[in-house]
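The report below goes through one predicted model, beginning with a strand and its sheet and then turning to the partner chain. Please keep the sequence and the structure in view while reading.

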Amino acid sequence: MAGKVILLVEDNPDDRILTVRALKQHNIANVIDEVKDGQEALDYLFGEGQYAGRDVAMQPQVVLLDLKLPKVDGLEVLQRMRADSRTKRIPVVVLTSSSEQQDIVSSFDLGANSYVRKPVDFNAFLDAAKQLGLYWLMLNEVPNG
Amino acid sequence: MRKWLLQSFFRQVSLILVAFSVLSISGYAYQNYVDLKHQWRSAINIQILHLTGFAALMAANDLRYEKYFDLWEKLRKVQNQAAEEEKGALFLIKDIVVLDNSGNVVGSSDPVRHPLLRRYDGQIPQSSGEMQIAGSGRVKTAAPIIFGGERIGSLVMAFDIAPFGRFLRQHLRDFAVYLILMTLATLLFGLALARWITRPLGSVRSVLPMLGSGQAAIPSLSLRQDEYGLLGRAIEFADRRIHESEEQIRMHRDHLEELVKQRTRALEAANKELEAFSYAVSHDLRAPLRAIDGFSLALVEDYGDKLDDAAKGYLQRVRGGAQKMGRLIDDMLQLSRVTRAELHYAAVDLSAMAEQIVHDLRAQDPHREVQVSIAPGLTVSGDAGLLGILLQNILGNAWKFTRDAREAHIEFDSRLQDGEQVFLVRDNGAGFDMRYVSKLFGAFQRLHTEDEFPGTGIGLATVQRVINRHGGRIWAEGKVEEGACFYFVLK
């Protein structure tokens, strides 16, 4: 499953655990890389800081991005991703904790592909994945056996 | 003329003064003329009677002794003497005739006109009397000629009083000239007087537009000691008072504007804080709830086999509590959003909106069988977002409270009432007791227990705010177990 990585950008450990659990429980067996703030997410994506030397040619298939993050917030991460040719086309699903109109509108303005409310409502996430053409997520849904 | 007069106080005063003086002068002049005429006429009368009497006395002797030549001589002398005094005289002696008792002429100053020993051919006035000969300017007088106590004849004198008429006419002409001169004089005087009286009014008028400037000064008036002085000083006083009041009002207004600015800034700050607070609520308050709910679920799903039913029940209650609080937060945020959202007016198709909402409700609750009738084409001008929230809440309530109804029915329609379009949403659900209708739209006010129908008590408060934002009205009717009907009007 090399390369089929989901990057989860989430500062709240509870939400991280619940999100990973929801994905696993629905048989998504992808590698889920977790980062805890916006700066770490940027370092990960661009191979800098603690991720120096990471092969940036290997980018995640989808980024689950929380908006309210320490250091660099989610909207800025999104903006920087869309400004860089290496990350421009990576699908981004924004995680929101509410339906605050402003967040959703800003996310779409900055190039988010979809949004789901936290903790990941799995069905909504699948809908988003379908729309994004991430068929592999659904393929993985079928148990191996 | 009337308008011309009413427009100017100066004209009115002038006219009154001139009319008064012309009337009084001409009245006086006329009275004077009548008196004069009368007095002079009396004087002339006495004179000519005396003259006649005197002539009769003079003629008596000659008549008695029949000295007719002497008589003629004397008569002529009298007439000539009178002719010599003609200049300045008011009457002339035309002729003098002496008659005997039988009416024959026995003496005449003009024998050609009245030949002797002929009957007198003219009229004879009564003795010691006078008579006017109409249209001739002539007057005749007669006097008895007495000798030794016995009447021996009469003397008749004819006078020409035309000079008196000329004198009167001259007098009248003088009066007329005098009257015209006096009228001109009073006219000039009257105009000057009127001008003198009304000119101060002009200065009042010129200063009135300055009232309130604090600089209205009318020294020409206010320095006077008379009533105009009072007026002038009153106007200057009023001007100062108005000026002071305006200054005060200006100060108050400036102060108010400053106050409004301060309050606006405070309000903006409070709004920002509120937004920040809402944001924090929506993000931070929710995170622990998610953890409580999520991990409770994880416990049930992952360790269900190790928990007994009581433990599972408790966990279910934990989840229920967390979810309820989540809904409360959602509803409160919606309420605050409704309050501060900017309104964007547009034509909104409420019918289509209601169809969509009912469609969503059916999708969420597929086992419910609810008959919904929505009148087509109900359009209104308003904010689509807020009106969506409004219908969502009202229709959501109708949906919720018809849960236990047999053959649940929900209706969305409108009707015209007192010229207004009144929208209504009617259901045949649980309804409510009209005694509590006043509590219906208050935040956190509920008419049902959580066990009966779950809810936060914020929905109708939100609806009320949407209505308020649109300047409309909402009211409700209901009956327990029979249903409720919500009416609303949008401006």
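From β4(A), the residues A:V92, A:V94 and A:T96 point one way, A:V93 and A:L95 point the other way, and all are buried; a residue is called buried if 20 or more other C-beta atoms lie within 10 Å of its own, exposed if 12 or fewer do, and partly exposed in between, with C-beta atoms placed from the backbone. The strand is accordingly mostly covered, five of its five residues being buried. In a regular strand the side chains alternate between the two faces of the sheet.

This is a predicted model, in which local features need pLDDT of at least 70 and side-chain atom pairs count only at pLDDT 80 or more, while totals for chains, interfaces and linings use all residues. Residues are numbered from 1 along each chain as its sequence is written, and chains are lettered from A and ligands numbered from 1 in the order in which they are written.

In chain A, five strands form an open sheet with parallel pairing, in the order β2-β1-β3-β4-β5; strands (DSSP runs of E, at least two residues) and helices (runs of H or I, at least four) are numbered from the N terminus, and two strands pair if DSSP finds at least two bridges between them. Because β2 (31-35) and β5 (114-117) of chain A stand at the edges with a single partner strand each, one side of each is left without a neighbour in the sheet. Neighbouring strands are turned by 20° against each other on average, direction ignored. Two of the pairings are set out here.

| Parallel pair | Bridges | A bridge partner pair |
|---|---|---|
| β1(A) and β3(A) | four bridges | A:V9 and A:L65 |
| β3(A) and β4(A) | four bridges | A:V63 and A:V92 |

Helix α2 (residues 38-46) of chain A lies across β1 and β2 of chain A and runs at about 130° to β2(A). Helix α3 (residues 74-83) of chain A packs on the sheet, where it touches β1, β3 and β4 of chain A, and its direction makes about 150° with that of β3(A). Such angles run from 0 to 180 degrees between N-to-C directions, with axes fitted to C-alpha atoms, for helices over the stretch in contact; two residues are in contact if their C-beta atoms, placed from the backbone, lie within 7 Å.

Chain B has ten helices and twelve strands, and buried residues make up 25% of its 491 residues. Not counting residues up to four places away in sequence, B:L387 touches B:V348, B:L350, B:M353, B:G382 and B:V466.

Where the chains meet, the contact takes ten residues from chain B and eleven residues from chain A. Helix α6 (residues 227-303) of chain B gives the most to the side of chain B that touches chain A, with nine residues.

Finally, B:E66 has a phi near 60°, a positive value in a residue other than glycine, and its place is in the loop between α2 (9-64) and α3 (68-84) of chain B. B:E66 is exposed, with 11 other C-beta atoms within 10 Å.
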